[in-house]
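Thanks for coming. Please have the sequence and the model open.

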Amino acid sequence: MKTSKPYEYSTFADYLEGIGEMYGDKPALSVYDRRGQETMLTYRQLSDKAKALATVFADRNLSGAHIGIVGENSLEWVIAYLGITASGNIAVCVDAEQSDANVEEMLVMADVQILFSGADSKNVGEKMLSAGKVEEHYELEGKGKDSVSGLCEKGEALIQEKGQWAHPVLDPYQTAALVFTSGTTSVSKMVLLSHHNILINVSDSLEGVEAGPKVFSALPCYHTYGMTTAVLDTLVRGAHLCLNGNMRTVMRDMMLSKPYCMTAVPLMVEAIYKQILLGAQKAGKQGMLDKMLRNAARKRRRNGDVSCPELEAMWQQYFGGLKLIICGGAHLSVEIEEAFELFGVHIMQGYGITECSPMVSANECHGGRLGSVGRTLACCQVRVVDEEIQVRGENVMKGYYKGEDQMKEVMDGEWFRTGDLGYVDKDGYIYITGRKKNLIVFKNGKKLSPEKLETLIMQIPIVKEVMVYGASQGTSADDVRLAASIYPDPELTKDMSTYDILDSLQNQINQINQTLPLYQHIQMVNIREQEFKKTASKKIKRYLA
């Protein structure tokens, strides 16, 4: 059922019916193969395939089953998700980047009965099937009868026989998806999200967004940010979504798709910015670029005009018509936001968490506040208690699967305690300052969010990744000194010795220290040879560092 709100549907069956009827033969989803060849589905094709899959499940009277999806982004991933949810079953979304052992453990924890797996996880599926840990196993990208494609063909025959597609009567408040949190601690929780949780979030997160006719996303579908903000938001408004399923081809696929908008995490945005700087350096134009950025920044401060034809032409040369980046999942520095504005590209920051389906707040395409994650969506409310952001509303999860004790830890009545620290200004804009569990506490009682220092250190050109932490120097937990573990950019430091890298970093960190109170000074610098392990939203897994 379509509601009175723009873009809002009550259930995924309604969503599937609606987008197919409304947008018909418009391009819906595209992916690129290893050779850069595009495969595209129209809205009618996508809707028909997902309806066919849903009909197969309905024909078997299968409802409420836990059906796992593990694999890289693909057309079949989206078809499987929509077919599972529209048929009244529960899509169990699993991180495909985990080890086989971890994937298997997560599937067992979630009581998965049927499994769809991509090529990289096929062995897990076959192993679990032979061991009786799942009842059925299907390939995502295969073409045989034991694949999404094969099931869709079976469903299409059933629809032709019956004259219509089939699904049970769905309750908007029944569970649609089980999603694992991808936090920076070692224990993942299993979040239960209803049709209403997700679809009200889709509708409300689009308010004030003008994302254009084509969107590019490399965000994983198994993550709520990728599924809600990239896939469902784009499809519900009839735009063309280009999905990347392989991080090695992200930049290539983005250029091939020629998008107006892309969804990203800060790590991707920082990588794009550093690629521009590196390109200017290789062309011997770094000095010229620095001068243009300084002049454009002065012009902006003087009269508010951010247009700079030279910088916009440079951006066009590198990234074509990309004009909007929707960014979330972690903190992005104000300096990078400002730099992108000077290139003629607007970064629209938002804030979300898996338990909130995931969006809590977002800036507008026109306006908003630099450094802020925007204002609260209509479907929820935000309050700040002891600096912690807390949320209640229609997008807040049903609960944790097998997690009654976990629910007691995170709920204060109707309010979900996010664990994120921040504040709300007088105009309702939210600012995130750090993670509660990451706080460094000193012997003198002072506290520090390491994210503050990490933002400053990330401005050093040769730094690709950094984690600030309290290194123990005594017998008590609060007897610490601040340390920074840094992974240097291998491209920018390939001609430097380890000593040169450390010397350069130390000199620039000393300059940062001079701007900070004594207790916030970085006293140790460690150089890493490998990237940090990261979550699906590209946050560093601190417990593994």
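A salt bridge, as I use the term, is a side-chain nitrogen of Lys or Arg within 4 Å of a carboxyl oxygen of Asp or Glu. One example is the pair Glu531 and Lys464, whose side chains meet at 3.7 Å, N to O. That pair links distant parts of the chain, with Glu531 in the segment after strand E26 (524-527) and Lys464 in strand E24 (residues 463-472), 67 residues apart.

Before going further, what we are looking at is a predicted model, in which local features need pLDDT of at least 70 and side-chain atom pairs count only at pLDDT 80 or more, while totals for chains, interfaces and linings use all residues. Residues are numbered from 1 along each chain as its sequence is written, and side-chain values use heavy atoms, with hydrogens and water left out. Helices (H or I, at least four residues) and strands (E, at least two) are DSSP runs, numbered from the N terminus.

Back to the salt bridges. Glu531 also meets Lys534 in a salt bridge, at 3.3 Å, N to O. How covered are these side chains? Buried means under 20% relative accessible area, exposed means over 50%, and partly exposed is in between, with a 1.4 Å probe and protein chains only. Lys534 counts as buried because its relative accessibility is 17%. Glu531 is partly exposed at 37%, and Lys464 is partly exposed at 31%.

How many salt bridges does a search of the whole structure find? The number is 25. Another of them joins Glu414 to Arg392, with the closest N and O atoms 3.2 Å apart. Glu414 lies in the loop between strand E19 (411-412) and strand E20 (415-424), and Arg392 lies in strand E17 (residues 388-393), so this pair ties together parts that are 22 residues apart in sequence. Glu414 is exposed, with a relative accessible area of 56%, whereas Arg392 is partly exposed at 27%. There is also a network of salt bridges, which links Arg369, Asp425, Lys426 and Asp427.

A patch is made of residues with over 30% relative accessible area and no salt bridge, where like charges are joined within 9 Å. Lys and Arg count as positive and Asp and Glu as negative, with His and the chain ends not counted. The place of a charge is taken as NZ of Lys, CZ of Arg, CG of Asp or CD of Glu.

Which residues form the negative patch? They are Glu72, Asp100, Asp120 and Glu141. Asp100 belongs to helix H4 (residues 100-109) and is partly exposed, at 41% relative accessible area. The positive patch is made by Lys291, Arg294, Arg298, Arg301 and Arg302. Lys291 sits in helix H11 (residues 286-303), and its relative accessibility of 51% makes Lys291 exposed.

Now helix H2, residues 43-59. The expected span of a helix is 1.5 Å times one less than its number of residues. For the 17 residues of H2 that gives 24 Å, and the end C-alpha atoms are 24 Å apart, which agrees. H2 is mostly covered, with 12 of its 17 residues buried. Among the buried ones are Tyr43, Leu46, Lys51 and Phe57. Just after H2, Asn61 takes a positive phi of about 55 degrees.

Lys258, at about 50 degrees, is in the loop between helix H9 (250-257) and strand E11 (261-264). Lys258 is exposed at 66% relative accessibility. Asp386 has a phi near 50 degrees and lies in the loop between strand E16 (380-385) and E17. Asp386 is also exposed, at 70%.

Where is the cis peptide bond? It runs from Ser357 to Pro358, with omega near 0 degrees. Pro358 is in the loop between strand E13 (346-352) and strand E14 (359-362).

Last, a distance. Leu158, in helix H6 (residues 148-162), is buried, with a relative accessible area of 12%. Leu158 and Asp412 are 254 residues apart in sequence and 48 Å apart in space, C-alpha to C-alpha.

Terms used
Patches are made of residues with over 30% relative accessible area and no salt bridge: like charges are joined within 9 Å, nonpolar side chains (Val, Leu, Ile, Met, Phe, Trp, Tyr) within 5 Å. Accessible areas come from the Shrake-Rupley method with a 1.4 Å probe; for residues, only the protein chains shown count as cover.
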